[in-house]
Amino acid sequence: MTSTRAAVAALMTCTTAFAVMGAVPAPPVPASAGDAWPRGTVRTVGKLVAKLPGNQAESCSAAVIDAPNGSVVATAAHCIASPERPQLPESMYFQPGYDGGGGPQAVIDKGWKVRSWTMAPGWDVNKDLDSVLRNDWAFLKMERRGGRTIQDAYGANTLRTEPVGSGTTVTLGYPVTSPYDGETLNYCAGHAHRYRHGEIAASSVGTLSLRPCRLTQGVSGGPWLRDFDESRGAGTLVAVTSVGSADELLGRPYPKAAGAVLQRIGAVDGKASTRH
């Protein structure tokens with residue numbers, strides 16, 4: 001895995017074959033460089049699986065986000081398609097509070113199906129990866145079950161757009177590659193540094209960094225949360241995991257434009273259109 005200070009860092013997805021397949025402030029989350037989440041799962045955070053051509057599946061992470069229709073999940077754009085894997089998924093599935101057992105196939109069989117998606121304006125799989133990394137975010141519109149939305153069932157995180165500075169942050173996800181197994185929720189928590197000019201490649205200025213953080217592929221799209229409330233399993237979403245190295249993870253804060261995109265995909269059916 002290449003360094004995050006290089007022009008292009010490693011995307012934190014993982015592709016596998018099916019054959020191997022509140023009112024009172026919450027106490028601070030313990031610092032972590034990649035430990036298992038101490039209380040098992042978080043209800044608004046889960047495992048995202050893209051079913052790909054050729055009997056393949058790609059694992060990412062994602063989180064439910066507050067929207068008027070109650071049916072929106074936030075993840076990374078490269079979990080849908082990227083310059084390294086430009087083909088779109090045949091279908092996508094998400095299981096909040098995933099607690100292990102069955103791997104990607106279990107998420108496909110039991111998870112909530114993605115109805116449509118909207119990738120960030122400026123995310124272009126025909127361009128060099130480094131030139132589009134600032135746009136590595138996406139929203140997914142989910143199915144309903146028995147008349148209930150995914151937000152009804154699990155709750156949701158609240159989106160915050162820029163400006164987002166340095167500060168205490170927790171990021172969660174399901175790392176797949178060694179020493180992790182993809183079945184356990186893991187996290188990094190601590191002071192997230194916001195990179196300035198001269199500290200990182202120009203295309204990554206403004207990115208948030210958690211270091212040390214040893215989470216591996218599979219955590220792409222996992223939420224970066226502030227003001228996290230364990231009782232609700234939710235907080236304020238300021239970024240999603242994009243790229244990383246052996247000891248560092250990067251998340252790009254949401255631009256102002258993300259709020260308008262969320263309004264469109266999160267509109268109640270029949271009141272606004274979404275871009276797929």
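Biologist: With which residue does the side chain of Ser203 make a polar contact?

Modeller: This is a predicted model, where local features need pLDDT of at least 70, side-chain atom pairs count only at pLDDT 80 or more, and totals for chains, interfaces and linings use all residues. Residues are numbered from 1 along each chain as its sequence is written, and side-chain values use heavy atoms, leaving out hydrogens and water. A polar contact is a pair of N or O atoms within 3.5 Å; within protein, one must be able to donate a hydrogen and the other to accept it, and residues adjacent in sequence count only if both atoms are side-chain atoms. At 2.7 Å, the side chain of Ser203 meets that of Asp130.

Biologist: Is Ser203 buried or exposed?

Modeller: Ser203 is placed in the loop between β12 (186-194) and β13 (208-210); strands (E, at least two residues) and helices (H or I, at least four) are DSSP runs, numbered from the N terminus. Buried means under 20% relative accessible area, exposed over 50%, and partly exposed in between (1.4 Å probe, protein chains only). The relative accessible area of Ser203 is 13%, so Ser203 is buried.

Biologist: Why is the disulfide of Cys60 and Cys79 left-handed?

Modeller: The sulfur atoms of Cys60 and Cys79 are 2.2 Å apart, and a disulfide is a pair of cysteine sulfur atoms within 2.5 Å. Both Cys60 and Cys79 are buried. The disulfide is left-handed because the torsion about the S-S bond of Cys60 and Cys79 is about -100 degrees.

Biologist: How many residues apart in sequence are the parts tied together by Cys188 and Cys213?

Modeller: Cys188 is joined to Cys213 by a disulfide with an S to S distance of 2.1 Å. The torsion about their S-S bond is about 90 degrees, so this disulfide is right-handed. Cys188 lies in strand β12, whereas Cys213 is in the loop between β13 and β14 (223-229), so in sequence the parts are apart by 25 residues.

Biologist: What is the pairing when the bonded cysteines are numbered in sequence order?

Modeller: A search of the whole structure gives two disulfides. Cys188 and Cys213 are both buried. In sequence order along the protein chain, the bonded cysteines have the pairing 1-2, 3-4.

Biologist: Why is the pair of Trp112 and Tyr154 edge-to-face?

Modeller: Seven aromatic pairs are found in the whole structure. One of them is Tyr98 with Tyr174, edge-to-face at 5.6 Å centre to centre and 70 degrees between the planes. Rings of Phe, Tyr and Trp (its six-membered ring) pair if their centres lie within 6.5 Å; planes under 30 degrees apart count as stacked, over 60 as edge-to-face and the rest as tilted. Trp112 and Tyr154 have ring centres 6.2 Å apart and count as edge-to-face because their planes are at 70 degrees.

Biologist: Which residue of β9 stands opposite Val73?

Modeller: Two strands pair if DSSP finds at least two bridges between them. β6 pairs with β5 in the antiparallel sense over three bridges, and with strand β9 (residues 138-142) in the antiparallel sense over four bridges. In β9, the residue opposite Val73 is Leu140.

Biologist: Which residues on the two sides of β6 are buried?

Modeller: β6 is covered on both faces.
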